[in-house]
Amino acid sequence: MTSSKTLLFQSPPIQNESLIGYLTRIAELNRYPQMSWIGNLARVDVKDDSLARMSRSLNGLAKIIGVSSAEMKSLCYYASANGNHSHVMLSMGEIIPRRFLQGPNERVCFTCLHEKGFVSGLWDLKVVTHCPEHGEKLRTKCPSCNEPVVFNRGRLLPCLPGCGYRGSGEKCSDSVLGLMQLVSNKFLGSGFDVSKHGFPRQLEDSDLYSLIQTISFLGSRTWREGSVVDRGYLDFMPELTPEKMEHVAGALRDWPSGYFKFLDGICAGKDAPGGAIAMHWMFGGYYKCLVEAQKRLHFLFDGLQDYMNERLDGYLLTGRGNPAVLKVRDRRRYIPGFVARKQLRVGRQEFTRLVDRGFLQSRVFRTSYGDVACVHRDSVREYAEVKQRLVGRRQLSEELGISLHALYSLSVGNVLKPFHSPQKDGWPQWYYDRKAVDEWLNDLRALAQPISGVKQSLSLSEAVAAFNKQGVSYCSLFHAVGEGTLKLYRRQKDNESSLNCFHLSRFQLKSWYPSLS
């Protein structure tokens, strides 16, 4: 007598049914006390093996159950084709990180089990905390008889005989229900109408991975610099998940007003005296992480910019709560002085000189923490641009081909004015604005004439060297050229970056200064 390894009672998989739920349903249909008995027939340890290893044994399970391999494969999350076991490919072809799935899953909607008689694959997602159809919380034990949901069981309903379950009576909020329906639409293609909830359009048009990342980021509430965005959802305990989901759903609903209220919760001290905002440390961490993830969560970053422009307009950040992170695209008028110092990379003394000399527009705000010196953002940006162009005296003299003393005479004679100097603003060193130097050289080139036709010419350095004893200097020569007494000539082949390309007529020099011989 031969024994058959095909189950006596068979049933095809139900659409959107999970693999473990399907095996449990088949076990109950064939009166097996545990669904692992089906795996033993196919030599698959469904109790201990991961879904990735089980996916390689689906053909054996299909033969035992009496269905096609394609039907079994549609129930299983299997490793992606590139061999990366940290990600799984869903039945619709989308790849997501494995950590977003919970397996084996023991969270179920008891109303769905009673009404539909199968375990949904949607419940395997960690971000799903409530049933998208009934709004009931996913539970690990029956709310009526308190019988726990065991993974390796032989019945869909783990309830005790005579349980009489009639619903838990607890429903989630309308915003959480809408978010669960949006996840179901992405994961199962359910087709729920979520337009009434006012979710951001970018989120509704995104894929499942982006939606999970958004929920994970907003739900973590433990933002730190350098943290990984899509690991945030694993940072809090499972029993707190529904509570966090209320915050996430409230932030995404009625965009952007709900998001603004969410940011109000992490931006403490908004009613501080003197128009000051004492930022909570969590707001700084949130901003830093969102800057790092703005390419993936760009609509959250744009919403944060709108929040700072609309809600925080007219307020001022104090030194509490690490407000230094607010250094990019926040568009407020004033920033604290220590933030400006970090942006300009200057010390306290140099910063004080910039304020005292009027390079930075300063204003003192009275806050609950005392007087806070702040500077106008535009003045910081303008000086930062100038600072990048500043060149030292020695470097400029080498580029112009003149001595330090000659450059000093040009500065004292107001021919080439320095941007910083000890005489001008008490700066310990001399600095020139390269933009002003280039404009001065361009004016000289435009004024100079071709040297062709001039019989005897001298370069500026030759003229100063030949007639220095008679009192000729670079400063006097440029003043004479500016007044039109002397004509300036230029050789095209000479170095354009120095003053050696400019020449003067020896005859004009003698006529201009009679004592010259």
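The following legends describe close-up views of a predicted model.

The numbering starts from 1 along each chain as its sequence is written, and side-chain values use heavy atoms, with hydrogens and water left out. Local features need pLDDT of at least 70 and side-chain atom pairs count only at pLDDT 80 or more, whereas totals for chains, interfaces and linings use all residues.

**Figure 1. Overview of the chain.** The secondary structure comes to 23 helices and 14 strands; helices (H or I, at least four residues) and strands (E, at least two) are DSSP runs numbered from the N terminus. Of the 517 residues, 48% are buried, where buried means under 20% relative accessible area, exposed over 50%, and partly exposed in between (1.4 Å probe, protein chains only). The chain exposes about 25700 Å², of which carbon and sulfur atoms supply 48%; accessible areas come from the Shrake-Rupley method with a 1.4 Å probe, and for residues only the protein chains shown count as cover. Among contacts (heavy atoms within 4.5 Å) between residues at least 6 apart in sequence, 59% join residues at least 24 apart.

**Figure 2. Salt bridge between Glu-133 and Lys-116.** The closest N and O atoms of this pair are 2.4 Å apart; a salt bridge is a side-chain nitrogen of Lys or Arg within 4 Å of a carboxyl oxygen of Asp or Glu. Both Glu-133 and Lys-116 lie in the loop between helix 6 (110–115) and helix 7 (174–188), 17 residues apart. Glu-133 is partly exposed at 41% relative accessibility, and Lys-116 is partly exposed at 39%. A search of the whole structure finds seven salt bridges.

Figure 3. Arg-253 pairs with Asp-174, the closest N and O atoms being 3.1 Å apart. This pair links the loop between helix 10 (241–252) and helix 11 (257–266), which holds Arg-253, to helix 7, which holds Asp-174, across 79 residues. Arg-389 meets Asp-433 at 3.0 Å, N to O. Arg-389 belongs to helix 16 (residues 377–389) and Asp-433 to strand 10 (residues 431–433), 44 residues apart. Arg-389 is partly exposed at 27% relative accessibility, whereas Asp-433 counts as buried at 12%.

**Figure 4. Cysteine pairs without a disulfide.** A disulfide is counted for a pair of cysteine sulfur atoms within 2.5 Å, and by this rule the count comes to zero. The sulfur of Cys-112 has its closest cysteine sulfur in Cys-131, 3.5 Å away, which is too far for a bond. Cys-112 is buried, with a relative accessible area of 5%. Cys-145 is likewise in no disulfide; the nearest cysteine sulfur, that of Cys-142, is 3.7 Å away.

Figure 5. In helix 14 (residues 337–344), the buried residues are Gly-337, Val-339, Ala-340, Arg-341 and Leu-344.

**Figure 6. Nonpolar cores.** A nonpolar core is a set of buried Ala, Val, Leu, Ile, Met, Phe, Trp, Tyr and Cys residues joined through side-chain atoms within 4.5 Å. The largest has 66 residues, of which Leu-125, Leu-179, Leu-218, Tyr-259, Tyr-286 and Leu-304 touch the most other members. Several helices each supply at least two residues of this core, among them helix 9 (208–220), helix 12 (281–292) and helix 13 (298–310). Leaving aside neighbours within four places in sequence, Leu-304 is in contact with Tyr-259, Leu-263, Phe-283, Tyr-286, Tyr-287 and Leu-290. A second, separate core of 35 residues includes Val-391, Val-472, Cys-475 and Phe-478.
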